[in-house]
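This report describes a protein model together with its ligand. It takes the surroundings of the ligand, then the sheet and its helices, then the core.

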Amino acid sequence: TNQTLSRDEKLQAICQFLNENVAHYNWVGFYFANHENKTLHLGPYVGAPTDHTEIPFGKGICGQVAESNANFVVPDVAAQDNYIACSFTVKSEIVVPLFVNGINIGQIDIDSHVLDPFTEEDERFLEFVNSEVAELF
Ligand code: SME
């Protein structure tokens with residue numbers, strides 16, 4: 001039952017739930033910040049395996065959110081110059097920071113195979129998801 005799940009297993013289940021239940025979510029994962037060496041590290045995820053398990057702050061959409069502490073909605077990844085491609089099937093991306101006690105400890109990262117699918121509803125929803133995830137820390 002739920003109480004026996006580790007934090008990573010819970011995060012994995014959240015990724016799976018989002019990936020299965022929102023049609024335009026095609027890769028869902030968490031990155032976590034190491035503030036000492038300013039890198040992000042891939043945590044639980046669902047979707048195609050990625051080579052980008054470690055991302056320096058400032059690099060790509062994820063790395064920029066590690067520094068800006070703000071949501072980043074990318075309607076068309078082809079229009080971004082500071083972007084790390086994981087798969088040619090990815091057309092758009094949303095990254096929402098994860099705050100624990102006001103500190104940006106990581107982020108939820110979602111890729112879509114659809115062009116320009118993300119709305120303010122996605123932003124509010126993923127902010128809510130992250131506020132719940134924050135309770136696990
Ligand atoms: N596209 C991201 C890299 C992570 S993959 O989407 C899983 C970026 O530009 O930061």
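The ligand is surrounded by 14 residues, and the closest are G60, I61, C62, I84 and C86; a residue counts here if its C-beta atom, placed from the backbone, lies within 6 Å of the molecule. Helices (H or I, at least four residues) and strands (E, at least two) are DSSP runs, numbered from the N terminus. The largest share of the shell, four residues, comes from α2.

The model is predicted: local features need pLDDT of at least 70, side-chain atom pairs count only at pLDDT 80 or more, and totals for chains, interfaces and linings use all residues. Residues are numbered from 1 along each chain as its sequence is written.

Six strands form an open sheet in the order β3-β2-β1-β6-β5-β4, with antiparallel pairing; two strands pair if DSSP finds at least two bridges between them. β3 (54-56) and β4 (72-74) are at the edges with a single partner strand each, so one side of each has no neighbour in the sheet. From one strand to the next the twist averages 25°. Nine bridges join β5 (residues 92-100) and β6 in the antiparallel sense, and F99 stands opposite N104 in β6.

| Helix | Strands | Angle |
|---|---|---|
| α1 (residues 7-21) | touches β1 (27-34) and β2 (39-46) | about 65° with β2 |
| α3 (residues 120-134) | lies across β4, β5 and β6 | about 35° to β5 |

The angles run from 0 to 180 degrees between N-to-C directions, with axes fitted to C-alpha atoms, for helices over the stretch in contact. Two residues are in contact if their C-beta atoms, placed from the backbone, lie within 7 Å.

In α2, the buried residues are G60, I61, C62, G63, V65 and A66, where buried means that 20 or more other C-beta atoms lie within 10 Å of the residue's own. These buried residues pack against β1, β2, β3, β4, β5 and β6. N69 follows α2 and has a positive phi, near 60°.

The largest nonpolar core holds 27 residues, and V28, L40, C62, I94, V95, I108 and I110 have the most contacts inside it. Such a core is a set of buried Ala, Val, Leu, Ile, Met, Phe, Trp, Tyr and Cys residues joined through C-beta atoms within 7 Å. β1 gives the most to this core, with five residues. Leaving aside neighbours within four places in sequence, L40 is in contact with Y31, F32, A33, I55, C62, G63, A66 and G106.

Technical notes: Buried ≥ 20, exposed ≤ 12 C-beta atoms within 10 Å, placed from the backbone.
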